[in-house]
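Let's take a walk through this model together, one part at a time. Keep the structure open beside you as you read.

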Amino acid sequence: MQYAFILGRVYTLSLAEILKVLQALGVGHKILACSPEVVVIETDKALKPEELQPRLGGVIKIIRLFDTFQKKGKEFPSQVLGSYFTFKRIKEYFHEYSGKKQFGVSIYSLDPTVRFREEAQRVAFLIKKVLQDETQSVRAVLPQFPSQALTSVQVNENHILEKGAEVVVISGNQRLFIGKTITVQNYEDYGRRDYQRPARDEKVGMIPPKVAQTMINFAQPLKPLDYILDPFCGCGTVLQEAIYMGYRAIGADLEQKMVENSEKNLEWFRNRYHVSPGRYKLFKSNAAEISIILPNYQVAAVVTEGTLGPIYSKLPKKPEMTENFKTLSKLYDQVFKEFKKFLTEGARVVICLPAYKVSATDYAFLPDLDFATQNGYTVLDPLPDFLVKKYRFLKVTERKSCVYDRRDQIVAREIVIFQYGTNDSNQVLTEDRNSNPAGEDENSELTENNGA
Ligand SMILES: C[S@@+](CC[C@H](N)C(=O)[O-])C[C@H]1O[C@@H](n2cnc3c(N)ncnc32)[C@H](O)[C@@H]1O
């Protein structure tokens, strides 16, 4: 089975999330091609995109691929697909719909330096021609150049998946994949779970629900109803997403006001999403003493946007950063020691640490992760090393963390995955690490710059 996943803006996190989830599901998989926009994956089992999509914060669309073509260098998709569409095939692609059919075409280029002008239009013409020969009335919704692909908003607002299909072409230099979109991200629902919450506090920083989901997926494997702890819960985003994904949540914060904010938000969420009341517990506590409130809970994982120190509107001077890092390292040393009182070997701690954005591409990070590694935790790779070497546009730091960054923020988030105890070799891919399947090394030569 072959699938393509359209990756979110912070594509390294999106790819890492997909692979962690496939691994947790026990799905053998092999990456056939990857770009900053899309990854093509062969799996040894059928996936359930409808179940996966709402819990993969970093994935924009999930596409089932039906066919692959060998292709010569600069050949255009419409040339490769010249005689591909027949009435029978289009029937396989299109959703049964009795009214006027509506379809979309999106092209994703595996090489970001190659852009196709009018190619979606030409592929749409091939489809229309077959349908009109069958006297079917049909409308095509197409991206406007320089876009080559429809956004999830366009797919949803035009009801393309219900009234027809979104035909997706993924074009590399040597291969072309074609399939149809099965699911798109429900951007409205993510927006609601972020902005419609009654208690928001921009001053302490709030993590977007999508990123909270990605972090929870980094804590896999988890079982339904496992307890996830966020000891720096703020307004409760991680807790909310943990419950949304079928787990139970324990939240704590040093500030009573924040505990109340989480309470209000989770009450709103519980009513809005019909969740039973027993799925979460909130406490006022210092994270450095959190074990006191936990005697009755078996915590499966800690997922948290830890305190980031002061929030700035302009970059602080170096001595101030150094001082903040010192204070935080001391706190995290106490906190990671505390976690050892209740975590079992192998449990994960996924945490956001502050990263000061010193230039458009550079960050000042906490100088070391000793607060965890000297306390018996191992840093896990977000992505297997061979993939990071092969697809050089992927952005993993030397100490195996990834950065989630928003243009408007001075303090970005460095996301680190720790495991309590030694590393259990966290990646089991079916991919032969030395293979070069069908020469499909698309983009492995890209550097960080042209991939960004
Ligand atoms: C960055 S905010 C977390 C925001 C949260 N992720 C959200 O989306 O709402 C960090 C939180 O840590 C809390 N905090 C700071 N020091 C703490 C400590 N020692 N123990 C527990 N909570 C603490 C702050 O009150 C703040 O609410």
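In this predicted model, 17 residues of domain 1 are in contact with 20 residues of domain 2. On the side of domain 1 that touches domain 2, the elements that give two or more residues are helix 1 and strand 2. Helix 1 gives the most, with nine residues. Sorted by class, that side of domain 1 has eleven nonpolar, three polar and three charged residues. If you want to find the two parts on your screen, domain 1 covers 2–185 and domain 2 covers 199–420. Their C-alpha centres lie 34 Å apart.

Eight strands form an open sheet, in the order 2-3-1-4-8-7-5-6, with mixed pairing. Strand 2 (29–34) and strand 6 (138–141) stand at the edges and have a single partner strand each, so one side of each is left without a neighbour in the sheet. From one strand to the next, the twist averages 30°.

As a reminder, strands of a sheet pair through backbone hydrogen bonds, either parallel or antiparallel. Both senses can be found here. Strand 1 and strand 4 are antiparallel, paired over six bridges, and Gln 2 stands opposite Leu 65 in strand 4. Strand 4 also pairs with strand 8 (residues 175–184) in the antiparallel sense, over nine bridges; there, Lys 61 has Val 184 of strand 8 as its bridge partner. Strand 5 (residues 101–109) and strand 7 (residues 164–171), by contrast, pair in the parallel sense over eight bridges, and Val 105 stands opposite Val 167 in strand 7.

Which strands does helix 1 touch? Helix 1 (residues 11–25) packs on the sheet against strand 1 (2–7), strand 2, strand 3 (38–43) and strand 4 (59–70), and its direction makes about 145° with that of strand 1. Helix 5 (residues 119–133) lies across strand 5, strand 6 and strand 7, and runs at about 145° to strand 5.

Next, let's turn to helix 9. Ten of the ten residues of helix 9 (residues 209–218) are buried, so this helix is largely enclosed by the rest of the structure. Among the buried residues are Lys 210, Gln 213 and Asn 217, along with Val 211, Ile 216 and Phe 218.

Our last stop is the ligand. Of the 21 residues around the ligand, Phe 232, Gly 234, Cys 235, Thr 237 and Ala 287 come nearest. By class, this shell has 13 nonpolar, five polar and three charged residues.

How values were computed. Residues numbered from 1 in each chain as written. Predicted model: local features only at pLDDT ≥ 70, side-chain atom pairs only at ≥ 80, totals over all residues. Buried ≥ 20, exposed ≤ 12 C-beta atoms within 10 Å, placed from the backbone. Helix = DSSP H or I, 4+ residues; strand = E, 2+ residues; numbered from the N terminus. Pairing = 2+ DSSP bridges. Axes fitted to C-alpha atoms, helices over the stretch in contact; angles between N-to-C directions. Contact = placed C-beta atoms within 7 Å. Near = placed C-beta within 6 Å. Nonpolar A, V, L, I, M, F, W, Y, C, P; charged D, E, K, R; others polar. Domains from an automatic or database assignment.
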